[in-house]
Amino acid sequence: MTRKDAIVIGLGISGCSAARLLAESGYSVTCFEGESHIGGSLFEDVRPNGIRVQTRGPQIFHTDSENVYQFIKRFGSFFPYHHRVFLSYQDTMVPLPLNANSLKSLFGAKQSESLLSRLRESFPDEKRISVDQLISCHDSKLIDLGRFMIENILTLDINHKEGSSFIPADDSYMNDAYVDIGNDDCYYTDSIQAMPMQGFMSVMENMIDHPAISTYLNTNALTRISIHQDNSTVLFDGIPFHGPIIYTPTLDKLFKYCYGALPYRSCKISFQDIRTDFKNNCAVILSPKSRDFVRITESKYMTLQDMSGHTSLCMESPYESASRGINEPFEPALTPESIELYGKYAALAKSCPSIHLLGRIACYRNLSIGETIEQTIDVISRL
Ligand SMILES: Cc1cc2nc3c(=O)[nH]c(=O)nc-3n(C[C@H](O)[C@H](O)[C@H](O)COP(=O)(O)OP(=O)(O)OC[C@H]3O[C@@H](n4cnc5c(N)ncnc54)[C@H](O)[C@@H]3O)c2cc1C
């Protein structure tokens with residue numbers, strides 16, 4: 001088979017899946033990653049006590065697509081994992097998204113029963129009702145519930161503007177903004193929820209372990225790739241390149257920030273190793289009003305590691321913004337203005353037929369791991 005050439009920029013889960021699928025479709029794939037390691041948002045580290053931690057906060061694999069699950073499972077075994085998140089509110093801990101148990105702990109048995117029957121009456125066909133639905137319904141008690149959620153759970157939503165939605169566009173993982181009428185404490189509702197036995201890094205390393213894939217770490221791809229002044233040809237080391245280029249970092253930097261920087265959210269993360277079996281009683285505790293740590297993750301719940309007497313906490317400090325390469329871009333800060341700005345960059349990218357945007361950062365969408373893989377499978381199959 002004569003192999004064709006392709007380039008992948010960024011080796012997070014999008015880039016790694018794309019590289020693998022391109023290699024399996026007969027391409028010779030050159031990958032560039034700016035960091036000294038692959039992984040992007042799914043990068044993991046091992047603490048001195050041996051516990052594997054996700055360095056960008058908790059990342060759980062969830063999807064309704066059997067096709068996506070079959071693909072990722074080729075690169076590592078997975079165990080079923082049901083993620084649980086608790087809200088720390090005054091002196092109590094309640095499951096998130098809020099459910100029948102949470103309402104009872106927060107408001108007492110009588111009031112929670114009344115709220116549940118009002119929820120069933122106003123939303124007879126729904127199990128999870130969003131805060132947007134609550135605040136725009138006609139029941140004053142449910143509007144109050146929505147306001148309670150905005151004030152006590154969604155305080156981190158720095159993007160929110162009066163009159164706009166609280167649920168980020170395309171969102172599939174931010175379940176904090178919902179109330180569930182059942183009493184299942186599970187954070188996600190997808191039919192498949194699982195974690196890799198050896199971690200996501202091992203899965204991604206296996207993806208790019210293919211003879212047709214060459215990987216260059218510590219390489220800012222934009223020192224090798226540029227856009228010709230005709231605004232449509234991509235140059236690789238100064239020579240026109242017409243094969244597919246999979247692009248996964250921020251799009252503004254590809255076009256030298258010509259319209260200004262796209263805003264992203266970032267976050268400060270620190271770790272604490274503790275000599276005890278488990279410190280908290282669930283994987284994630286959210287404290288939106290805390291000045292110190294808004295989210296604490298106890299990684300051991302998500303790794304199945306048998307490390308008795310030791311645990312590690314991952315603590316996230318309030319979000320900071322990220323742009324022009326300052327702070328790592330965790331997720332797009334979606335506002336009507338930023339979406340419009342992104343549209344201008346997307347139009348420039350569209351004029352370059354060899355460029356294909358993939359993933360959460362380059363596409364400026366709140367995609368989950370499963371959705372980025374689904375998108376990748378779709379884009380590569382159409383090349
Ligand atoms: C806090 C948080 C929690 C999340 N929780 C979940 C969850 O529970 N479940 C879920 O399904 N999803 C979750 N997600 C989403 C999930 O992490 C992402 O969808 C996915 O990891 C995105 O992968 P990506 O490859 O598109 O981007 P990234 O992982 O950001 O990869 C982009 C890569 O490009 C590299 N790069 C940047 N610039 C250059 C350059 N100039 N040259 C070369 N390389 C470059 C970067 O170093 C990086 O490795 C979460 C995300 C965040 C931020």
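**Entry 1: Tyr-364**

I started at Tyr-364, which sits in the loop between helix 11 (359–362) and helix 12. I was working on a predicted model. The phi of Tyr-364 is positive, about 55 degrees, although the residue is not a glycine. Is Tyr-364 buried or exposed? Tyr-364 counts as buried, because 29 C-beta neighbours lie inside 10 Å and 20 or more is the cut-off.

**Entry 2: Asn-231**

I then looked up another positive phi. Asn-231 has a phi of about 65 degrees and is not a glycine either. Most residues other than glycine have a negative phi. I found Asn-231 in the loop between strand 13 (225–227) and strand 14 (234–236). Asn-231 counts as exposed, because it has 10 C-beta neighbours inside 10 Å and the limit is 12 or fewer.

**Entry 3: helix 2 against helix 12**

Next I followed helix 12 (residues 369–381) to its contact with helix 2. The two axes come within 10 Å and cross at roughly 90 degrees. Helix 2 and helix 12 are therefore roughly perpendicular to each other. From helix 2, I noted Asn-67, Val-68, Phe-71 and Ile-72 in the contact. Helix 12 contributes Gly-370, Ile-373, Glu-374 and Ile-377. I sorted the residues of this contact into 5 nonpolar, 2 polar and 1 charged.

**Entry 4: helix 4 against helix 6**

Helix 4 (residues 109–122) and helix 6 (residues 140–152) pack at about 105 degrees, and their axes are 10 Å apart. This pair is therefore roughly perpendicular too. Leu-115, Arg-118, Leu-119 and Ser-122 make the contact from helix 4. On helix 6, the contact residues are Lys-141, Leu-142 and Leu-145.

**Entry 5: helix 7**

Which residues of helix 7 (residues 200–207) are buried? I listed Phe-200, Met-201, Val-203, Met-204 and Met-207. They cover an arc of only 160 degrees around the axis, so they are on the same side of helix 7. In an α-helix, residues three or four places apart point the same way, because there are 3.6 residues a turn. I also looked up what covers the buried residues of helix 7. The cover includes helix 1 (13–24), strand 3 (44–46), helix 2 (66–73) and strand 11 (192–196).

Phe-86 is in strand 7 (residues 85–89). Phe-86 is buried, because 22 other C-beta atoms lie within 10 Å and the cut-off is 20 or more. Leaving aside neighbours within four places in sequence, I found Phe-86 in contact with Met-93, Val-94, Pro-95, Leu-96, Cys-282 and Ile-285. Asp-176 is 90 residues from Phe-86 along the chain, but their C-alpha atoms are separated by 9.9 Å.

The bond from Leu-96 to Pro-97 is cis, with omega near -5 degrees. Most peptide bonds are trans. Pro-97 is in the loop between strand 8 (92–96) and helix 3 (100–107).

**Entry 6: Ser-270**

I looked up Ser-270 in strand 17 (residues 264–274). Ser-270 is exposed, with 11 other C-beta atoms within 10 Å. From Ser-270 to Phe-293 is 23 residues in sequence and 9.4 Å in space, C-alpha to C-alpha.

**Entry 7: domains**

Last, I checked the domain assignment. Domain 1 takes in 4–46 + 197–257 + 333–381, and domain 2 is 96–185. The centres of domain 1 and domain 2, taken over C-alpha atoms, are separated by 36 Å.

How values were computed:
Residues are numbered from 1 along each chain as its sequence is written. This is a predicted model: local features need pLDDT of at least 70, side-chain atom pairs count only at pLDDT 80 or more; totals for chains, interfaces and linings use all residues. Axes are lines fitted to C-alpha atoms, for helices over the stretch in contact, and angles run from 0 to 180 degrees between N-to-C directions. Helices (H or I, at least four residues) and strands (E, at least two) are DSSP runs, numbered from the N terminus. Angles under 35 degrees count as roughly parallel, over 145 as roughly antiparallel, 65 to 115 as roughly perpendicular and the rest as oblique. Two residues are in contact if their C-beta atoms, placed from the backbone, lie within 7 Å. Domain bounds come from an automatic or database domain assignment. The arc is that of the directions from the helix axis to the C-beta atoms. Ala, Val, Leu, Ile, Met, Phe, Trp, Tyr, Cys and Pro count as nonpolar, Asp, Glu, Lys and Arg as charged, and the others, Gly among them, as polar.
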